[in-house]
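User: Please go through this model with me and set each label against its definition.

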Amino acid sequence: MTCLKPEANGPGDKGTDGDFNAFAAMQPRAPAEAPKEKRNGAAVKANDVQPGGAYLPNYNILTPNMRSPDYVQMSTAAAITLGIMPGKMYRCGCTRCLNLLLTYPEGCRANCAYCGLARHREAERDYADRNFIRVDWPAVPMEQVIEAVAADGDKTPFHRMCISMITHPRSDEDTVTVLRKWRERIAHEIMPVSILSNPTTMTRGDVETLHDLGADIFTVALDAATPELFDRTRGRGVNSPHSWKKYWEILNDARDVFGAQKFGAHIIVGMGETEHDVLSLVQQLVDMGGHSHMFCFFPEKGSLMDHLPATPRDQWRRVQLARYLIDYYGVRVEQMAFDEDGRVSDFGLATSELDTVIDAGIAFRTSGCPGKFADDISACDRPYGDSPPSDIASYPFQPAKKDIVKIRRQLGVK
Ligand code: SF4
């Protein structure tokens, strides 16, 4: 067995090497509601600037009046890969997931504390100009996206497309339209589709419709690992409409409708849960037949948690490794050991086996829906979505030898 000895700092300590983000320390700021004239995209709708093709976020010019299903936003990495934006990503040529985000002048009506798209930002920044997982999201006509992907055919660099819903009254219907239009031109064999759902507005019937239209994988962004954290960061704590119960209702529907290995949940690590909390949830998802997709908490600029520390790397690496062992290596959370603060102190695996997993490096890559390489290699690599390139949390590429040395140091294993 491989035993770790995390440094014995108590709950409430934060932000330095050798400790963890404890619940008491991770309190979001209280949100303020925007003045009336700034709500619901009022300025964008009043100015009514007509879009002319792709729009690259620019806070200094009037934001065009764009809405799904005609327009979608995409990550900076996807826009670079598709040739819509110039640029390069540090140590990775392109992204293998085409993340498409629904867009409306009114924006997302939820107020999640860690999210750059949250409603409280409407006082400060138009929706299409807001940063999300650390990057800008250019808006592009849906037809242009489909044409570009169809033109590449089986030469496409993308392994998967993902439609990200937001909390908006039109989100369910427009997701169906985007998926239908996509499926008319792009075959499943060329690029399977994932749905990043918004349970708050959805019914089981919506889940079935998306499955019948050919969506491959359905995910639910629980994001928070416990009901208390969920309520604090996505529910009543920040005047946001989401509930743990509703998210689980749709997650269970996804299991029934999409089936084993075809559903999953997003979890953000380091918002105040313990390592034992998050890994128990990972085990629960595996026992249901699903997967977990992990994100390292990063204080998103402009969010209600932008004053809080990113997840210490030792906490993150332990959870990344343990999650990989549970998801893909048959180790159970009950075989692992935890200290009095809920930190992993033993991964439940012989040292030589653990060394093999660490050195393979896959456990430390970005996790998400699979691409065309292997079941445990995510198509969704989200380059630098949860860390700066100078201190990588989720590796968007295969870690090299020097990266493994650093990971071992962060894990506290030789
Ligand atoms: S529902 Fe999703 S997009 Fe909307 S604020 Fe919450 S995390 Fe952000």
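Analyst: Trp-182 lies in helix 4 (residues 171–185), where helices (H or I, at least four residues) and strands (E, at least two) are DSSP runs numbered from the N terminus. The model is a predicted one, in which local features need pLDDT of at least 70 and side-chain atom pairs count only at pLDDT 80 or more, while totals for chains, interfaces and linings use all residues. Residues are numbered from 1 along each chain as its sequence is written.

User: Why is Trp-182 called buried?

Analyst: A residue is buried if 20 or more other C-beta atoms lie within 10 Å of its own, exposed if 12 or fewer, and partly exposed in between, with C-beta atoms placed from the backbone. Trp-182 has 23 other C-beta atoms within 10 Å, and is therefore buried.

User: Which residues does Trp-182 touch, not counting residues up to four places away in sequence?

Analyst: Trp-182 touches Ile-146, Met-161 and Val-193, contact being a C-beta to C-beta distance within 7 Å, again with atoms placed from the backbone.

User: What span is expected of helix 8, and what does helix 8 reach?

Analyst: The expected span is 1.5 Å times one less than the number of residues. Helix 8 (residues 275–288), with 14 residues, reaches 20 Å from its first C-alpha to its last, close to the 20 Å expected.

User: Which residues of helix 8 are buried, and what covers them?

Analyst: Glu-275, Val-278, Leu-279, Leu-281, Val-282, Gln-283 and Leu-285 are buried in helix 8, and their cover includes strand 7 (263–269) and helix 9 (313–328). Just after helix 8, Gly-289 takes a positive phi of about 105°.

Key:
Two residues are in contact if their C-beta atoms, placed from the backbone, lie within 7 Å.
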